[in-house]
Amino acid sequence: MTGNEQLIADIMGAQERLQQIFGYDRSDPLFSSHLTLSQFKILMLLARHGNVSGGELARMLGVGLAALSGMIDRLVQQDLVTRTEDQRDRRVRRIGLTRKGGELIASIFNAGEARMRAILSRLSAEELDAVARASLLLVKAAEEESGESGQA
C-alpha cells in the first residue's frame with residue numbers, strides 16, 4: 001500500500017468511527033421521524049429543488065407516477081408535503097414541502113451541528129485551523145468531482 005493509499009484508509013477509518021459515534025445518538029430526529037427511506041428521499045429532493053411536478057419527482061426517484069402517488073399520499077397525511085395544481089397547466093400537480101416538512105428535514109440535516117460544535121470546541125486553535133483547511137480541501141474536491149464548483 002502506498003503512502004497516499006494508507007492515508008486515505010486512515011481518513012476513511014476515522015470517518016467511519018465518527019459515524020459510529022454519531023450513530024448512537026438516539027436524540028437525532030431521523031430516528032424519531034418514522035420516515036421510510038423513500039419518504040426521506042422525497043423530502044430531501046424537495047428541500048433541494050423546491051416545488052416540482054409529480055413527473056419530475058418520479059424521474060428523480062426512478063419510480064413510476066403510480067408508485068409516487070401512494071408515497072405522496074402518505075406524506076400529505078402527515079402534513080409533510082403539499083400537492084397543488086400547477087397554475088399554468090391544471091393537469092399537472094406540483095409537490096412541495098409544508099412548513100412542518102421543511103422543519104423536519106432541516107432538523108435532520110442540522111441534527112449533528114450542536115454535537116459537532118461541542119467536539120470542535122475541544123480542539124486548540126492550531127487543530128481547528130488544520131480541520132478548517134482540510135474541510136475546505138474536501139469541499140473543493142467534492143465540488144470538482146460532482147461538477148458543482150461554487151454552486152450551492
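1. Helix α8 covers residues 125-146. Its 22 residues reach 31 Å from the first C-alpha to the last, close to the 32 Å expected at 1.5 Å a residue. The expected span of a helix is 1.5 Å times one less than its number of residues. Helices here are DSSP runs of H or I with at least four residues, strands are runs of E with at least two, and both are numbered from the N terminus. After α8 comes G147, with a positive phi near 75°.

2. A word on the source. The model is predicted, so local features need pLDDT of at least 70 and side-chain atom pairs count only at pLDDT 80 or more, while totals for chains, interfaces and linings use all residues. Residues are numbered from 1 along each chain as its sequence is written, and side-chain values use heavy atoms, with hydrogens and water left out.

3. Next, the packing of helices. Two packed helices are described by the angle between their axes and the distance between the axes. The axes are lines fitted to C-alpha atoms, for helices over the stretch in contact, and the angles run from 0 to 180 degrees between N-to-C directions.

4. How do α3 and α5 lie to each other? They are roughly perpendicular. Angles of 65 to 115 degrees count as roughly perpendicular, under 35 as roughly parallel, over 145 as roughly antiparallel, and the rest as oblique. Helix α5 is made of residues 65-77, and α3 packs against α5 at about 80° with the axes 10 Å apart. On the α3 side, S38, Q39 and I42 meet L68, M71, I72, R74 and L75 of α5 (contact means heavy atoms within 4.5 Å). By class, this contact of α3 with α5 has five nonpolar, two polar and one charged residues. Ala, Val, Leu, Ile, Met, Phe, Trp, Tyr, Cys and Pro count as nonpolar, Asp, Glu, Lys and Arg as charged, and the others, Gly among them, as polar.

5. Helix α4 (residues 54-61) also packs with α3, at an angle of about 120° and with the axes 11 Å apart. The pair α3 and α4 is therefore oblique. The contact is made by K41, I42, L45, L46 and H49 of α3 with L57, M60 and L61 of α4. These residues divide into six nonpolar, one polar and one charged.

6. G50 sits in the loop between α3 (37-49) and β1 (52-53). At 28% relative accessibility G50 is partly exposed; buried means under 20% relative accessible area, exposed over 50%, and partly exposed in between, with a 1.4 Å probe and protein chains only. Leaving aside neighbours within four places in sequence, G50 is in contact with L45 and I95. The C-alpha atoms of G50 and I95 are 8.3 Å apart, although the two residues are 45 apart in sequence.

7. Not counting residues up to four places away in sequence, S53 touches V92, R93 and R94.

8. D79 lies in the loop between α5 and β2 (81-85). The phi of D79 is near 60°, a positive value in a residue other than glycine. D79 is partly exposed, at 43% relative accessibility.

9. T98 is in the loop between β3 (93-97) and α6 (99-109), and is buried at 12% relative accessible area. T98 and D79 are 19 residues apart in sequence and 6.6 Å apart in space, C-alpha to C-alpha. With residues up to four places away in sequence not counted, T98 touches D79, L80, V81 and T82.
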